[in-house]
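Please work through the exercises below with the sequence and the model at hand. Each task is followed by a solution in steps.

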Amino acid sequence: MTPPPAYRLPGGGFLDLAWATAALEQYGLVGIFAVVALEYACFPLPSEAVLPLSGMAAAAAGLPLPLVVFVTVLAGLVGSTVCYLLGALGGRPLMEKLLKRFPRALSTLDRTSDWQRSMGGLSVMLARVIPVFRTWISFAAGLGGQPLGAFLLYSSMGIIVWNTLLLLSGYYLFMAGLMAQVQQYLWLVPIAVTGTTVAVTFIKRRKRAKGEAAAL
């Protein structure tokens with residue numbers, strides 16, 4: 001498996017993924033679990049690169065795809081739960097302490113929390129496929145007091161869909177020998193999902209506003 005060692009970021013620049021690739025190649029399922037758990041625990045690893053790479057590693061090692069999906073979903077839940085517990089147990093004071101040097105990040109967390117409250121439990125599922133929100137939704141759910149059971153349920157639903165799609169892309173593109181050609185375009189996937197989700201949310205809010213206006 002010889003994917004590019006760096007991932008091109010939409011805003012410019014590169015994020016070195018050589019160490020993640022090496023972990024996936026050398027440690028198999030354990031490496032896949034560790035890298036995916038770190039990504040869901042908000043380490044700066046883009047899932048649209050990590051998960052296809054995991055699919056590639058699985059295909060190269062001859063691992064069954066359903067087993068890899070299960071391992072990555074479990075890893076996603078572990079990483080997400082770490083962030084959830086930080087929000088639930090540490091509360092707002094801990095978040096402010098951790099992010100005091102990053103006011104923009106704290107503002108993004110606040111927006112995610114507002115969105116999570118407005119959308120309810122469904123937000124945790126939807127956020128798993130929305131860049132930026134997917135980074136902060138676990139913290140927001142913990143801060144908002146969402147029950148852990150509900151958090152794990154909704155997270156599982158979103159993680160299963162997201163992980164399966166991206167793992168399939170890496171697995172079958174590797175089998176077809178096409179991964180090197182499409183690697184540079186993987187960052188377009190979350191952008192397309194984000195655009196669709198924003199459009200759906202906007203339409204729903206407009207319908208709700210019209211309904212409230214009509215009721216008056």
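The exercises cover salt bridges, aromatic rings and one tryptophan. This is a predicted model, in which local features need pLDDT of at least 70, side-chain atom pairs count only at pLDDT 80 or more, and totals for chains, interfaces and linings use all residues. Residues are numbered from 1 along each chain as its sequence is written, and side-chain values use heavy atoms, with hydrogens and water left out.

**Exercise 1**

Find how many salt bridges the structure holds, and describe the one between Glu39 and Arg134.

Solution. 
- Step 1. Apply the criterion: a side-chain nitrogen of Lys or Arg within 4 Å of a carboxyl oxygen of Asp or Glu. The structure holds four such salt bridges.
- Step 2. Between Glu39 and Arg134, the closest N and O atoms are 2.6 Å apart.
- Step 3. Glu39 lies in helix H1 (residues 18-40) and Arg134 in helix H6 (residues 133-143); the pair links distant parts of the chain, 95 residues apart.
- Step 4. Check accessibility, where buried means under 20% relative accessible area, exposed over 50%, and partly exposed in between (1.4 Å probe, protein chains only). Both Glu39 and Arg134 are buried.
- Step 5. Look for a charge over a ring, meaning NZ of Lys or CZ of Arg within 6 Å of the ring centre and within 35 degrees of the ring normal. The charged end of Arg134 sits over the ring of Tyr40, 5.0 Å from its centre.

**Exercise 2**

Describe the salt bridge of Asp110 with Arg92 and that of Asp114 with Arg117.

Solution. 
- Step 1. In the bridge of Asp110 with Arg92, the closest N and O atoms are 2.4 Å apart. This pair links distant parts of the chain, with Asp110 in helix H4 (residues 103-119) and Arg92 in helix H3 (residues 65-98), 18 residues apart.
- Step 2. Asp110 has 27% relative accessibility and therefore counts as partly exposed. Arg92, at 32%, also counts as partly exposed.
- Step 3. Asp114 and Arg117 meet through their side chains at 2.3 Å, N to O. Both lie in helix H4, three residues apart, about one turn of the helix.
- Step 4. Asp114 is partly exposed, with a relative accessible area of 43%, whereas Arg117 counts as exposed at 57%.
- Step 5. Salt bridges with shared partners join Arg92, Glu96 and Asp110 into one network.

**Exercise 3**

Classify the two aromatic pairs of the structure.

Solution. 
- Step 1. Rings of Phe, Tyr and Trp (its six-membered ring) pair if their centres lie within 6.5 Å; planes under 30 degrees apart count as stacked, over 60 as edge-to-face and the rest as tilted. The structure holds two aromatic pairs.
- Step 2. Tyr84 and Phe151 have ring centres 4.6 Å apart and planes at 25°, so this pair is stacked. It links distant parts of the chain, from Tyr84 in helix H3 to Phe151 in helix H7 (residues 148-176), 67 residues apart.
- Step 3. Tyr84 counts as buried at 6% relative accessibility, and Phe151 is buried at 0%.
- Step 4. Trp136 and Phe139 have ring centres 5.8 Å apart and planes at 40°, so this pair is tilted. Both residues lie in helix H6, three residues apart, about one turn of the helix, and both are buried.

**Exercise 4**

Is Trp162 buried or exposed?

Solution. 
- Step 1. Locate Trp162 in helix H7.
- Step 2. At 3% relative accessibility, Trp162 counts as buried.
- Step 3. The C-alpha atoms of Trp162 and Leu126 are separated by 9.9 Å, the two residues being 36 residues apart along the chain.

Notes:
Helices (H or I, at least four residues) and strands (E, at least two) are DSSP runs, numbered from the N terminus.
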